[in-house]
Amino acid sequence: MNESVYALEIKNLFKTYSSGTQALTDVSLFVPAGGFYALLGPNGAGKTTMIGIITGLVRKTSGSVAVFGCDIDTDAEKAKAHIGLVGQEVNFNPFEKPIDIVVNQAGYYGIPRSVALPRAKKLLQDLGLGDKMEERSFALSGGMKRRLMIARGLIHEPRFLILDEPTSGVDVELRRSMWEYLRTLTVKGLTILLTTHYLDEAEQLASRVAIINKGAIVVDGTMSEILALHDESEQRADGFRGGKLEEVFIQLTTETV
Amino acid sequence: MTSYQCWISFYTMIRKDIVRMFRIWAQTFLPSVMTSLLYFLVFGTVLGSRIGDMQGVTYMTFVVPGLVMLAIVTTAYANTSFTFFTSKFFARSIDEILVSPTPPWLFVAGFVGGGVVRGVITGILVFVVAFLFTGLSIPITSLFIILGFAILTALFFSLAGFVNGMYAKSIDGINIVPTFVLTPLVYLGGVFYSVHNLPEWWQAMTYANPLFYIINGFRYGFLGMSDVSPIVSVVVLFSLTIILVGMNVFFVRRGLGLRQ
């Protein structure tokens, strides 16, 4: 069987929560292998629900999702082995040490400690946590916790990394070093699906982008195609103008009265 | 996952829980030992001497198996319900396992295994205390039956704790069942008395209590006698355990209380 050229294939995905909230409506998305792919949308647009479905944390109502050709329903173990997740919320036990959090995560993927330990040390050092790996995690700063989550998401060497707003609350210098590090990994073949509210970051990093609003994809394509939607002549009522991507984003996600 | 990878994942979950329980040993092991110490002091030494023999042995010797079992039941249950609940609601660290390829049955085994380990270790500690209190004179009919019942009981109540942890929506939710269901079942299951000492209607009710079979089966391993055949006890305990294993794997596969 030929492996899919897509890191992620989502077809006709629907999600309705038990409360009746329709979170996703007929979403289809194809993320090519390699590089950064930005998934943008306002709060409550359905980004985190979509990520939850891909990673097995949320049940879909209907539709199909495949990661590198592995269906998340019929080939869940293989699909999950391809994915690394850095979630929006800090979700590790704060009483554990960073080294233990990362090594244990490797264990859940079936990686023995003898392999995981040196790999975890290298990852933590690369992410600037070398001198913190034996401390209790609750003592880490917000930025350090984010970097710890990245190390945890990378420990099993996934081919597809999902970053759900990884830089919220992280200072500029740290954000820049994080992106530099992740960029080196994409050069080696890693595919990164990124959600962020920092649209300038997305504009610089991603070669492709999709914008989601109210549970539906409103546009997707290469960054240059999306930026080409920017209408230079359109003047906002408040006179403020952001970057090109930001203007397109506002144009596509703001309700017109 | 290959069977080796499954083993690594299981080992990781168990190891993590064992490291945690030994790190906070004063909270995980000591309370049951202290409670048992008080039971032995009051029921064994102070009151036991006035009660006299029961089924041909001293009252102190008679209550030992029940009290060891009480410790196993409560700690195995509490360990799994609490660790599962806290990892679900406290920082949501359970997602670490849910996003991994660890299959649902292994997920259950990992959490439940920790409860079994803590239950059995606590049981051994309580037995050591009992051994000292009885002047090192507790009869042992079959070590195989004792260990078999200890492990199977810890497994059963660890699985029951898993169900509780899965359904609980608040910290009160994991305290209600032990307080209002588990403790009465244990106390009325024959820890402190023989069912033959009860009125007929109470005896009939006792036969509907699963703890009665567990305590008596365990007691048989020590004293070589019980109120019910040990084979019946094994069949009841084993059947209930199989039912709970099926329920738990089904719940996790469906993502009940885990996935929206």
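Modeller: Chain A has nine helices and 10 strands (DSSP runs numbered from the N terminus: H or I of at least four residues for helices, E of at least two for strands). This is a predicted model, in which local features need pLDDT of at least 70 and side-chain atom pairs pLDDT 80 or more, while totals for chains, interfaces and linings use all residues. Residues are numbered from 1 along each chain as its sequence is written, and chains are lettered from A and ligands numbered from 1 in the order written.

Biologist: How many residues does the contact take from each chain?

Modeller: Chain B gives 23 residues and chain A gives 26 residues; two residues are in contact if their C-beta atoms, placed from the backbone, lie within 7 Å.

Biologist: Which helix supplies the largest share of chain B's side?
Modeller: Helix 1 of chain B does, with seven residues.

Biologist: What does the C-alpha trace span?
Modeller: Along its principal axes, the C-alpha trace of chain A spans about 60 × 40 × 40 Å.

Biologist: And what follows helix 6 of chain A?
Modeller: Just after that helix, G189(A) takes a positive phi of about 120°.
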